[in-house]
Amino acid sequence: MLISEKSTVSKTAEVERERARGMTDQTISDDIPPAYGDHLQDVTTANASSDPLARLKGTPTNFLSVDQRNGAIKGTYIIDPSLHIHESYLPPPVKEGEGETTAERKNLYLHTMNGSVDVDVWLVGRKNGASKTEQKRTTLDISSNDGSITAKLHAIDTIDPFTMNVFTKDGRVTVLLPRSFHGPITMMSGDGSCTLSSDMLKTSIHVGLANRTTRYFVGDYSSSAQQVPWEGDEVKIETRDGKVRVRYIDEVVQPSTSSSWCIFSRLFHC
């Protein structure tokens, strides 16, 4: 069978056209990723930006107890008071045999015999202020026998009322509270000052000062005066040797004049 040169050229041209068409289709396919993949990425990004829990590393827990002899306690703790954890998975109550029962177990207990404490605590609340059939105050206990304490408390959505006890025998104490805090603050220092920030003072009344103990009520006291016993937010802080400072978690702190002068001196070697 004889094949003409014209026929061969025609077949070759057709093959080249098919090859070019295939390369073009492949290029278009690579340049435009599937719309489904784009959609998933957009949703994930949106959820991460709108949900505080999505931005935190870790998952919520409840009735967490950390009790150690030596070393600092640092990190982030996410506490969901509504999370049920079976009793069999939990350690014995911290003060069992000294009056504390299982029902009085702390939602968060952090204690070190010898070391500082520097923690961020996130309390998980209810979205849109949804009501609960049973409301119980969240309990937080943070302490050190020898070391300074910094406790930063954050609120996710509408949190339930809470009580927080902070104690150290030797060291300063700094506590940062969410703007939603409403209730009494009791600060005691054996050898140091006890102060609220300027923003917090604007929404507080000074209740009293006696025996090195300073008391304030933060929020609208007139609407709360008849609530006896008090069942709202409450913070108690004590240090035997050190200063006590309390402010809002989102409050901007201006550097003091002495701090600015120290920076100026270092810059110019004064």
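1. Strands here are DSSP runs of E with at least two residues, helices are runs of H or I with at least four residues, and both are numbered from the N terminus. Two strands count as paired if DSSP finds at least two bridges between them. Across this pairing, Tyr 77 stands opposite Val 121 in β4.

2. A word on what you're looking at: this is a predicted model, where local features need pLDDT of at least 70, side-chain atom pairs count only at pLDDT 80 or more, and totals for chains, interfaces and linings use all residues. Residues are numbered from 1 along each chain as its sequence is written, and side-chain values use heavy atoms, with hydrogens and water left out.

3. On its other pairing, β4 (residues 117–124) runs parallel to β6 (residues 149–156), with 8 bridges joining them.

4. How enclosed is β4, and why? It is largely enclosed by the rest of the structure because 7 of its 8 residues are buried. Buried means under 20% relative accessible area, exposed means over 50%, and partly exposed is in between (1.4 Å probe, protein chains only).

5. Now zoom out to the sheet. It is open, with 6 parallel-paired strands in the order β2-β4-β6-β8-β14-β10. At the edges sit β2 and β10 (194–196), each pairing on one side only. From one strand to the next, the twist averages 10°; the angles run from 0 to 180 degrees between N-to-C directions, using axes fitted as lines to C-alpha atoms (for helices, over the stretch in contact).

6. You'll find Asn 107 in the loop between β2 (73–79) and β3 (108–114), and it is buried, with a relative accessible area of 6%. A polar atom of its side chain lies 2.8 Å from the backbone nitrogen of Thr 139. Leaving aside residues up to four places away in sequence, Asn 107 touches several others, including Phe 63, Ile 79 and Arg 137; contact means heavy atoms within 4.5 Å.

7. Finally, the whole chain. It has 5 helices and 14 strands, and buried residues make up 33% of its 270 residues. Of the contacts with a separation of 6 or more, 73% are between residues 24 or more positions apart.

Key
A polar contact is a pair of N or O atoms within 3.5 Å; within protein, one must be able to donate a hydrogen and the other to accept it, and residues adjacent in sequence count only if both atoms are side-chain atoms.
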